[in-house]
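Subject: The model you asked about

Hi,

Here is the structure, ready to open in your viewer. Have a look at it first, then read on.

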Amino acid sequence: MTVSTRVAIDPFGADIVAESARLRSQGAVVPVELPGGIPAWAPTGYDTLKRLILDPQVSKDPRKHWALFPKVLETPEWSWILGWVGVVNMLSTYGSDHTRLRRLVAPSFTARRTEAMRARVEAITAELLADVAEAGADGSVVDVKATFAHPLPMRMICELFGVPDHLHEATAALIAAIMDTSDPTPEHAAWVQEQIGAVLGGLIAYKAQNPGDDMTTELIRVRDEDGDRLGDEELLYTLLLVIGAGFETTVNLIGNAVVALLSHPEQLAAVRAGEVSWDQVIDEVLRVHPSIASLPLRFAVTDVEVDGALIPAGDAILTTYAAAGNDPAHYGETAATFDATRAADDHMAFGIGVHRCIGAPLARMEAITALPALFDRYPDLALAVEPGELKQVPSFIAYGWQEIPVRLHG
Ligand code: HEM
């Protein structure tokens, strides 16, 4: 397949649902081009994506299985993708390396361990709602993302990993920059790489001097006592993954839910009347607007045949969660419509298989704490702009709103 016949993925992610519908009209698996001209294959439907994720001949390790990986290392226009595939952690490993790295962190996020965090999430929610009240006291427009949806998961993950206050802002800026695919320049990529060292290297240095009852301290201990289980680079990139994935995705889950409910007052009324549960709302938001719209990258270990398409060994595959969630063949003709009554809890927004999200219980618990608290406190909450005026974050990976301006009292 020549590059000229590939479909360019919009680096701004301006209309991810329309883009996935266009791709779907071209077949089950479509050759696409990521920013900078990186070639990949995009599955466009639920069943095809599921088959590919679960196929043991599909890997997440670019070093072992991506034919173009050496070229990425010497092509400045492609260097932006190193923030995703150049890192060494459970997200970019395969087989026993993946199992080893996942085991170090996953036990801290079981449903039971997550339940023990609920009281802190409730306390932070209450504090933030007081801040929101202050910001909107005189009838002012409040950005409910900046004041509420963002700081809640951010503060929780920073507490779990012992991230000191002086690193919070830089951590948030770093993760936002990794998610931003609209500026795939070598300069942006170099800044990201430098910040990974400065911010997370800074965190490791700080916790080595100031150990505490937190997960960073625990991971440093494992590295120091048992380097076979966790090397230096793996420590750095595991922190990047779990801290980054641990808040940015949940920020957008909460934000997307707020916007969906405020844009569909009849559904908010059904939730208030107890006809629709908050769990249904959360699943529907994840299905139709998954916080990770698509994730770079997976790789064909051998030639992989799926739904009439052949993905040659060594080629890259985009993991297209938004396309799967909006697939009419699976969810019917109204697939792209937010409808919390449909109870579609088979979405793949948290992934499936061996790479399934370890933070799903935490994300769900944070959302189910935050959303009722916000809507109970502000029964007349309203968007301060038309839904059509809201802007997506500039990313084909992250799916969320840049700002969510609201009025607290209608
Ligand atoms: C709404 C919130 C979230 C969404 C939508 C989400 C989504 C995902 C998805 C789709 C994957 C699978 C990636 C793949 O198949 O390659 C994943 C993996 C992962 N998530 Fe989440 N996530 C969320 C919250 C969290 C939280 C709160 C944490 C941290 C505690 C977290 C940590 C991880 C980690 C470490 C992995 C990698 C697992 C592996 O590769 O074995 N995520 N997440």
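Two housekeeping points. This is a predicted model, so local features need pLDDT of at least 70 and side-chain atom pairs count only at pLDDT 80 or more, while totals for chains, interfaces and linings use all residues. Residues are numbered from 1 along each chain as its sequence is written.

**Around the ligand**

The ligand is surrounded by 27 residues, and the closest are Gly246, Thr249, Gly351, Cys357 and Gly359. Here a residue is near a molecule if its C-beta atom, placed from the backbone, lies within 6 Å of it. By class, that shell has 17 nonpolar, eight polar and two charged residues. The classes go like this: Ala, Val, Leu, Ile, Met, Phe, Trp, Tyr, Cys and Pro are nonpolar, Asp, Glu, Lys and Arg are charged, and the others, Gly among them, are polar.

Which helix gives the most to the shell? That is α14, with seven residues. Both α14 (232-263) and α19 (360-377) supply at least two residues each. Helices (H or I, at least four residues) and strands (E, at least two) are DSSP runs, numbered from the N terminus.

Buried means 20 or more other C-beta atoms within 10 Å of the residue's own, exposed means 12 or fewer, and partly exposed is in between, with C-beta atoms placed from the backbone.

Two packed helices are described by the angle between their axes and the distance between the axes. The axes of α8 and α19 come within 10 Å and cross at roughly 35 degrees. Axes are lines fitted to C-alpha atoms, for helices over the stretch in contact, and angles run from 0 to 180 degrees between N-to-C directions.

On the α8 side the contact is made by Arg118, Val121, Glu122, Thr125 and Leu129, and on the α19 side by Met365, Glu366, Thr369, Ala370, Ala373, Leu374 and Arg377. Two residues are in contact if their C-beta atoms, placed from the backbone, lie within 7 Å. Sorted by class, the residues of this contact are six nonpolar, two polar and four charged.

**Single residues**

- Cys158 is in helix α10. It counts as buried because it has 22 C-beta neighbours inside 10 Å. Leaving out residues up to four places away in sequence, Cys158 touches Val163 and His168. Met215 is 57 residues from Cys158 in sequence and 9.9 Å from it in space, C-alpha to C-alpha.
- Ile9 sits in the loop between β1 (7-8) and α1 (16-24). With 24 C-beta neighbours inside 10 Å, Ile9 is buried. Its contacts, leaving aside neighbours within four places in sequence, are Val32, Glu33, Leu34 and Phe396.
- Pro290 is in the loop between α16 and β6 (295-300). Buried or exposed? Pro290 counts as buried, since 29 C-beta neighbours lie inside 10 Å. Not counting residues up to four places away in sequence, Pro290 touches Tyr321, Ala322, Gly325, Ala349 and Tyr399.
- Asp97 lies in helix α6 (residues 95-105). With 17 other C-beta atoms within 10 Å, Asp97 is partly exposed. Asp97 and Arg229 are 132 residues apart in sequence, yet 9.3 Å apart in space, C-alpha to C-alpha.

**Two backbone details**

The peptide bond from Pro296 to Leu297 is cis, with omega near -5 degrees, and Leu297 lies in strand β6. Asp307, in the loop between β7 (304-306) and β8 (309-311), has phi near 45 degrees, a positive value in a residue other than glycine.

Cheers
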